[in-house]
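Have the view open as you read.

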Amino acid sequence: MNLRSLVAGSGGYLPRRVLTNDEISKTVDTNDEWIRERTGIRERRIAADGELTSDLAVQAAEAAMSDAGVAAADIDLIIVATTTPDKTFPATAAIVQAKLGVDKGAAFDVQAVCSGFLFALTTADNFLRAGAHKRALVIGAETFSRIVDWTDRATCVLFGDGAGAVVLEATELNGDTLAARGVITTEILTDGRLANLLHVDGGVSSTGTAGHVRMQGNRLFRQAVERISSAMVTVGKRAGVAPSDVDWFVPHQANERILNGVVEKLGLKRDRVVSTIAEQGNTSAASIPLAYAAARQDGRIKDGDLVMIEALGGGLTWGAALFRA
């Protein structure tokens with residue numbers, strides 16, 4: 001049997017609290033104009049006190065399950081991409097599994113920072129194609145505000161909290177590989193030699209603390225545009241399409257300048273790029289599924305559209321994927 005992973009449903013969740021650029025400018029030396037010009041961000045969402053990453057993940061998962069028309073009993077795999085887990089262990093996915101009432105299959109976390117959703121999607125896709133599982137919840141969820149140094153202007157303006165999810169279903173592939181709905185191909189990569197460009201200065205075995213995000217912005221920007229573009233070209237060649245020929249480009253919402261750099265380098269259609277960064281900031285692993293869910297909900301992305309996603313995160317990790325909605 002030739003199986004393919006169908007993206008059967010999507011959903012997202014954002015915390016209620018909105019943090020504007022003007023509010024940030026009251027605590028660090030910056031202003032709304034400076035932040036918008038360099039990042040494209042106007043505001044971001046912040047999780048409430050006591051609101052955990054698993055809480056955000058559950059909300060997004062329930063929305064995706066409702067969209068797909070499935071129940072807890074239909075899910076046999078949960079993968080949560082997160083850099084901000086509820087606890088050191090167990091995995092946030094195990095906590096999400098219990099909160100959702102899923103009582104079978106496996107649940108585990110994937111840690112690839114901003115590329116986490118892409119890595120989780122690739123992992124779930126391989127399990128479903130192999131016939132090991134039938135239906136997966138793939139979730140990106142972050143409370144990134146809790147590892148931000150709110151005195152560091154270079155990073156505190158960028159990040160926000162949120163969660164996004166998709167339901168993947170194993171379906172039999174009949175006919176043209178490119179024309180059929182579902183995940184067509186993925187590409188994920190890591191280069192640990194560049195870990196110092198984006199990292200957290202703490203950890204269980206090093207400092208015994210969660211630490212704070214540290215970033216070398218200019219060096220990271222140069223790496224991001226080049227590596228993301230390369231991954232997108234690789235995925236396109238494997239599928240027999242140029243990135244500029246896809247219907248929709250749903251990037252990781254890192255920074256408007258990075259997004260524009262990739263668009264210009266590959267000659268993409270700007271009106272076919274889904275961008276949520278102005279209202280949500282960089283929600284790390286949650287940003288791609290949040291943006292995809294928004295574009296599905298408002299009717300931009302329709303069944304049968306060819307969608308390319310991409311990301312780059314700490315590690316460095318990066319990659320791209322192509323699927324037909």
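Asp32 has a relative accessibility of 21% and so counts as partly exposed; buried would mean under 20% relative accessible area and exposed over 50%, with partly exposed in between (1.4 Å probe, protein chains only). Before going on, please note that this is a predicted model, in which local features need pLDDT of at least 70 and side-chain atom pairs count only at pLDDT 80 or more, while totals for chains, interfaces and linings use all residues. Residues are numbered from 1 along each chain as its sequence is written, and side-chain values use heavy atoms, with hydrogens and water left out.

Asp32 forms a salt bridge with Arg36, their closest N and O atoms being 3.0 Å apart; the term means a side-chain nitrogen of Lys or Arg within 4 Å of a carboxyl oxygen of Asp or Glu. Both residues lie in helix α2 (residues 32-39), four residues apart, about one turn of the helix. Helices (H or I, at least four residues) and strands (E, at least two) are DSSP runs, numbered from the N terminus.

The whole structure holds 17 salt bridges. Another of them joins Lys265 and Glu226, at 3.4 Å from N to O. Because Lys265 lies in helix α8 and Glu226 in helix α7, this pair ties together parts that are 39 residues apart in sequence. Lys265 is partly exposed at 45% relative accessibility, and Glu226 is partly exposed with a relative accessible area of 45%.

Leaving out residues up to four places away in sequence, Met232 touches residues including Phe249, Val262, Leu266 and Met308.

Strand β13 is also the place of Thr317, which is buried with a relative accessible area of 6%. Neighbours within four places in sequence aside, Thr317 is in contact (heavy atoms within 4.5 Å) with residues including Ala112, Phe119, Leu189 and Leu312.
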